[in-house]
Amino acid sequence: MAASVAVAGAQHLSSVSDLVPDWARQEVSTGTTIMAVEFDGGVVIGADSRTTTGAYIANRVTDKLTPIHDRIFCCRSGSAADTQAIADAVTYQLGFHSIELDEPPLVRTAANLFKEMCYRYREELMAGIIVAGWDKRRGGQVYTVPMGGMLVRQPVSVGGSGSSYVYGFVDSNYRSGMSKEECLRFVAEALTLAMERDGSSGGVARLAVITEEGLERRVILGNELPKFFSA
Amino acid sequence: MMNIDQRPCESQRGGFSFENSRRNAMLEENLSKLGYSAPKARKTGTTIAGIMYKDGVILGADTRATDDMVVADKNCMKIHYIAPNIYCCGAGVAADAEITTQMMASNVELHSLSTGRPPMVVTVTRQLKQLLFRYQGHIGSSLIVGGVDATGTHLYSIYPHGSTDKLPYLTMGAALHSVFSLSLSTDRSGAAAAMSVFEDRYKPNMELKEAKTLVRDAIAAGIFCDLGSGSNVDLCVITKAGVEYLRGYDQPAQKGRKQGEYKYKPGTTAVLTKTVTPLSLDLVEEAVHLMDTK
């Protein structure tokens, strides 16, 4: 369940090897730190904003929190092309399903659609996705679909190359029953710590809160991030 | 590629097979052992850029096309027509960028006739990204699409693997070499040089004159600081009112002029000795052919 590899020459088992021409090897990677937390009444999701091609930052203000439906978002990490294509496909499928049902879709349905695609094409794709949202049946939910295509629901989930640096922080600081504001601060602090230590994460911190009432998006600029000890 | 009906264990029936790219790479390896090399695809090296300004978008590009380290075309056109209100700069493999944009122009016109509406930038972008993703990066074209449509002004960048970014200012270059390569700046082509100009001087809602100067300076930075970019700056200004295609807007890199006269007068070198040896030749045959110089 390793975080996605930041380096563009990263490993697919079957396709990419030394024999493939070099221009086919370069992928735009979302390096990344992504995170999602459940609270009573909704979810708080967050991501950094850096997209890299090798050592060059292709986009320093990327939005990795992608809407899939009115109350369902996904956080993307891994290959930018793969995750954008998957998100577009799932958005279409979920929208169609929701019209058929004549009801807002379940977060679990969206997560399953991601899992189907990520598992079926696991050899070809490099995508680590966190699906989070709110629905009437189960409230706020976070499902993680890491590389390989596993699906599991977690109250808090981190992903991307920067996640490795904050597992300890998350495990020690998460408590169940946090309020929305506490969750926002928790996510902002975790993202900050990851962005400080991971070269492939950085830029601004994007946060979003999804509840029954709707959606609230926030951006925390670099100089407004919480301050920690720095040597 | 994205065939929903397949099981993972079945061998791939439909969709694309990329077996040939592996075969080609092996063939090239074998050829190089014998001392030959397969013909290389011509890349446009390239610096391309786009910005959104007060009334629309401005796209800019250099005009050099390279064949490895030789300039193949000193004045090629990298800003391609897609629709009357949408243009696209192409970097990477020259043929890929050219054909892809031509195909898009046709598709967009058909789509526009079918919907009865003028085309939208987001339509072009989505069709391009889905095409490039389908080919998994084997179509080596990096594109900047810009235009003004009924919903407003838009500027997108599209990478060879099919990812897109929507930003107010963008630069692109040829496809990167491996991340392990040491000389990143030449591999990235002129994009980094152009981006540094943008990051310094871009402001939202600039006036036309200032915006044109900014794009020209960014492309010039690419021309001077990158071996794969050169010759002239082309600009394309797209507004709601129409398009102004400025081919050869600026020529920052003029061919150097000789500073002085470097010919020597006859007699500069003193003659010390002179020996004449006549060669005895017999005239065998004489034929006169008139050249048609009309």
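This is a predicted model: local features need pLDDT of at least 70, side-chain atom pairs count only at pLDDT 80 or more; totals for chains, interfaces and linings use all residues.

Colleague: Noted. How many helices and strands in chain B?

Modeller: Chain B has six helices and twelve strands.

Colleague: What share of chain B is buried?

Modeller: 45% of its 294 residues count as buried.

Colleague: And the accessible surface of chain B, what does that come to?

Modeller: About 17600 Å². Carbon and sulfur atoms hold 55% of that area.

Colleague: What about contacts in chain B between residues 24 or more positions apart?

Modeller: Take the contacts in chain B with a separation of 6 or more. Residues 24 or more positions apart account for 61% of those.

Colleague: Let's move to strands. Why is β1(B) largely enclosed?

Modeller: That strand covers residues 48-52 of chain B, and four of its five residues are buried. So the rest of the structure largely encloses β1(B).

Colleague: Which strands does β1(B) pair with?

Modeller: One partner is β2(B), residues 56-61, joined to β1(B) by five bridges. Another is β10(B), residues 169-172, with four bridges to β1(B).

Colleague: Parallel or antiparallel, for β1(B) and β2(B)?

Modeller: They run antiparallel. β1(B) and β10(B) run antiparallel as well.

Colleague: How many residues sit between β1(B) and β2(B)?

Modeller: Three, and the two strands form a hairpin.

Colleague: Switching to helices. How do α5(B) and α6(B) cross?

Modeller: α5(B) is residues 191-201 and α6(B) is residues 208-225. Their axes come within 7 Å and cross at roughly 145 degrees. The crossing is right-handed.

Colleague: Which residues make that contact?

Modeller: From α5(B), A193(B), A194(B), V197(B), F198(B) and R201(B). The α6(B) side includes T213(B), L214(B), V215(B), D217(B) and A218(B). A221(B), G222(B) and C225(B) of α6(B) take part too.

Colleague: Now chain A. How do α1(A) and α2(A) sit?

Modeller: Helix α1(A), residues 80-101, and helix α2(A), residues 107-120, have axes that come within 10 Å. They cross at roughly 135 degrees, so the two helices are oblique to each other.

Colleague: Left-handed or right-handed?

Modeller: α1(A) passes α2(A) in a right-handed crossing. Among the α1(A) residues in contact are I86(A), V90(A), L94(A) and H97(A). The α2(A) side includes L113(A), F114(A) and M117(A).

Definitions and conventions. Residues are numbered from 1 along each chain as its sequence is written. Chains are lettered from A and ligands numbered from 1 in the order in which they are written. Side-chain values use heavy atoms; hydrogens and water are left out. Buried means under 20% relative accessible area, exposed over 50%, partly exposed in between (1.4 Å probe, protein chains only). Contact means heavy atoms within 4.5 Å. Accessible areas come from the Shrake-Rupley method with a 1.4 Å probe; for residues, only the protein chains shown count as cover. Two strands pair if DSSP finds at least two bridges between them. Axes are lines fitted to C-alpha atoms, for helices over the stretch in contact, and angles run from 0 to 180 degrees between N-to-C directions. Angles under 35 degrees count as roughly parallel, over 145 as roughly antiparallel, 65 to 115 as roughly perpendicular and the rest as oblique. A crossing is left-handed if the near helix is turned anticlockwise from the far one by less than a right angle, and right-handed if clockwise.
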